[in-house]
Amino acid sequence: MNVKCVVIDRQEDAADRVVILTFRTEDDNKHPLALAATGTPPPGVNLVPLDLSNVPAPTSGSWAAVGGQLVNAGVQSPAIIITGATDNPNAENVIFEYRPAGGSDSDWRGGGTDDAATKRKEITSVAAASSYDVAVSYVVRGVISARRVLGPVTTGQQVAGTFVNASEWATFNGISTANMSNRVQYLNGSTGRASTGRVLPTSWSVGIKAIASDFSISDSAAGPSVTVNIAASNRTLDDGMVVSYPSGSIIGVPYATRIYVWRVDPNLDGGSSYGYSTNMADVLGLDKVYLGYWTTRAAASASGGGGSGGSQDCVDAEAFVMLADGTNRKGRDIKAGDKIKITVNDGDQWRVDDIDVEKNKIAENLCVTLISETGITLTLAANTPVVSKQGWDVAANARGLRLPVMDNDGFRFELITEVNYIGSRPVAKIEAHQAIYAAGDQPGRVIFTHNPVYKHR
C-alpha cells in the first residue's frame with residue numbers, strides 16, 4: 001500500500017506472545033490546509049488490507065528456461081536448465097516444475113523445491129529431443145504462488161561417451177601401451193563398455209555383486225572381552241574369477257556389542273586383513289568387502305552371539321513389489337514364476353518391461369529407507385546396489401542420486417532427498433535374472449533398484 005503512518009500505541013499480549021501496534025495514517029498534503037494556504041483538504045486515504053493468501057506469480061523476465069545437454073565424463077544427457085533470481089523478497093522457497101509441451105495442469109511434474117537464493121536449476125529426468133513447458137512458483141508463508149510458465153523448450157540429444165584404446169592411451173605423457181594393456185582388456189573394443197566388474201572398486205564388484213560361498217561368524221569368551229571367529233570363504237566375480245579369504249579372528253571385542261566385519265582387499269587377491277566397526281558406514285570403503293554383522297554374547301557365561309553374512313539384493317519383506325499386470329504384492333509373498341516389473345537400459349533410453357522371478361527367500365539385513373523428491377519411499381538392505389544416470393552405488397549412499405521411479409505419473413528419474421537408517425529387518429532376497437526391479441513401501445509408488453553391474457555383452 002505504501003502509506004505513511006505514525007505509531008500511536010504499542011501493547012504486549014503476553015498470552016499469545018505478540019506485540020500489537022496501532023497506526024494512524026500520515027499525509028504530507030495536510031500541511032497547506034493546516035497553514036490556511038488552501039481551503040481544499042487532501043483526499044482521504046483508502047486502506048486496503050493485504051491478502052496474504054494471494055501470492056503473485058514470479059514476474060516476467062525473472063526466470064528463463066532453455067533446453068540443452070549436460071556433459072559428464074564425455075556423456076551428453078538431455079536436460080532443462082533454468083536460470084534467474086527470486087523477485088519476491090518474502091519468498092521462502094522456489095518450486096520448479098515441467099510437463100510435456102501443451103499439457104494440462106495435471107501433467108505437471110516436480111522438478112524440485114529449492115531455497116529462495118537459488119540462481120540455477122538443472123532438470124535431467126527428461127526425454128531426449130522432446131518439448132516441455134517449464135513453471136516457476138514461490139512459497140511465501142506456506143502459500144504457493146501462481147505459476148510463471150516458460151517455454152516451451154526442447155531438450156538435447158543423449159550422446160554416449162567414447163572410450164580410448166591402448167594405443168590412444170599411450171599418447172598421454174608418461175603412459176605406455178604396455179602399461180595400459182592389462183586395463184584395456186576389460187573394455188569391449190566396439191562398445192567401450194566394461195566386460196567385467198573387476199574394473200570397478202572392490203566394494204562395488206565384490207562387496208555388492210559377487211556370489212559368496214557359505215560363510216559364518218561366531219564368537220568365544222576370552223576373559224574381559226570376546227574373540228570373533230571368521231570362517232574361510234570364497235567370492236566368485238561376474239567373470240568367473242574366484243577370490244578366497246582365509247579364516248581369521250578379531251580379538252578384544254566388547255561383550256553385547258554389534259559389529260560390522262569386512263576384509264581389506266584392494267587388488268582382489270585375497271586381501272591383507274579383517275577389520276570391524278560398530279558404525280555400519282565404515283564398511284563402505286572402496287577397498288573393503290563387507291562380510292556381515294555380529295552381536296557378541298552378553299557375558300562370558302552366556303551362549304554365543306548372533307548375526308548374519310552380508311546378504312544383498314534385498315527389499316524389506318513388507319515392501320510392495322510391482323507385478324507385470326500393475327498389481328502389487330508384498331516381497332515376502334513373491335514366488336518363483338511371478339512376473340514383475342523391471343527397467344532396462346537400451347543404450348540411450350530406459351524402458352519398462354517385465355521378467356520371471358527365479359526364486360525368493362526371507363533373511364535379515366540392516367536396512368535404510370529411500371525417500372524421493374515426490375515422497376516415493378522404499379525400505380531395503382543398506383548394501384543393495386542402486387542404479388542412476390550418475391552411476392552405480394549402494395542404497396546407503398543414494399542421497400543425491402536420481403533413481404528410476406514409477407507411479408500414476410509414469411516412469412521417470414527422481415532425486416533421492418533422504419536416506420534414513422532403520423536397523424535390522426526381515427528382507428526378501430528376490431532373484432530375477434539380474435534385473436533392476438520395482439518395489440515401494442506404498443502400492444503403486446515404486447523405485448527401481450538391484451543388479452546394476454557391468455556384464456559381458
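This is a predicted model: local features need pLDDT of at least 70, side-chain atom pairs count only at pLDDT 80 or more; totals for chains, interfaces and linings use all residues.
**Entry 1: contacts and the chain overall**

Counting secondary structure, I listed four helices and 33 strands in the chain. I then looked up burial and surface: of the 457 residues of the chain, 41% count as buried, and the chain exposes about 22,800 Å², of which carbon and sulfur atoms supply 50%.

How many of the seven residues of strand 32 are buried? I found that five of them are, so this strand, residues 436–442, is largely enclosed by the rest of the structure.

I next went through the pairings of strand 32, taking its partners in turn. Strand 22, which covers residues 320–322, pairs with strand 32 in the antiparallel sense over two bridges, and in that pairing I located F320 with G440 of strand 32 as its bridge partner. Strand 24, residues 339–345, also runs antiparallel to strand 32 and is joined to it by two bridges; here the bridge partner of T343 is I436 in strand 32.

Strand 33, residues 445–449, is joined to strand 32 by four bridges, and the two run antiparallel. Within this pair I found A438 standing opposite F448 of strand 33. I also checked how the chain passes between the two strands: they form a hairpin with two residues between them, and G444 in the turn has a positive phi of about 80°.

**Entry 2: the sheet 12-13-16**

I then turned to an open sheet of three strands in the order 12-13-16, where the pairing is antiparallel. Which strands stand at the edges? They are strand 12 (217–222) and strand 16 (248–253), each with a single partner strand, so one side of each is left without a neighbour in the sheet. Neighbouring strands of this sheet are turned by 25° against each other on average, with direction ignored.

Looking at one pairing in detail, I counted six bridges between strand 12 and strand 13 (residues 225–230), which run antiparallel, and I noted A222 opposite S225 of strand 13.

**Entry 3: the sheet 3-4-7**

I looked up another open sheet of three strands, with the order 3-4-7 and antiparallel pairing. Strand 3 (63–72) and strand 7 (120–123) stand at its edges with a single partner strand each, so one side of each has no neighbour in the sheet. On average, neighbouring strands here are turned by 30° against each other, direction ignored. Strand 4, residues 75–84, pairs with strand 7 in the antiparallel sense over four bridges, and in this pairing I found I82 opposite K121 of strand 7.

**Entry 4: R402**

Is R402 buried or exposed? With a relative accessible area of 10%, R402 is buried, since the cut-off for buried is under 20%. I then searched for polar partners of its side chain and recorded two of them: the side chain of E373, in a polar contact of 3.1 Å, and the side chain of T124, in a polar contact of 3.3 Å.

Note on methods
Residues are numbered from 1 along each chain as its sequence is written. Side-chain values use heavy atoms; hydrogens and water are left out. Buried means under 20% relative accessible area, exposed over 50%, partly exposed in between (1.4 Å probe, protein chains only). Two strands pair if DSSP finds at least two bridges between them. Axes are lines fitted to C-alpha atoms, for helices over the stretch in contact, and angles run from 0 to 180 degrees between N-to-C directions. A polar contact is a pair of N or O atoms within 3.5 Å; within protein, one must be able to donate a hydrogen and the other to accept it, and residues adjacent in sequence count only if both atoms are side-chain atoms. Accessible areas come from the Shrake-Rupley method with a 1.4 Å probe; for residues, only the protein chains shown count as cover.
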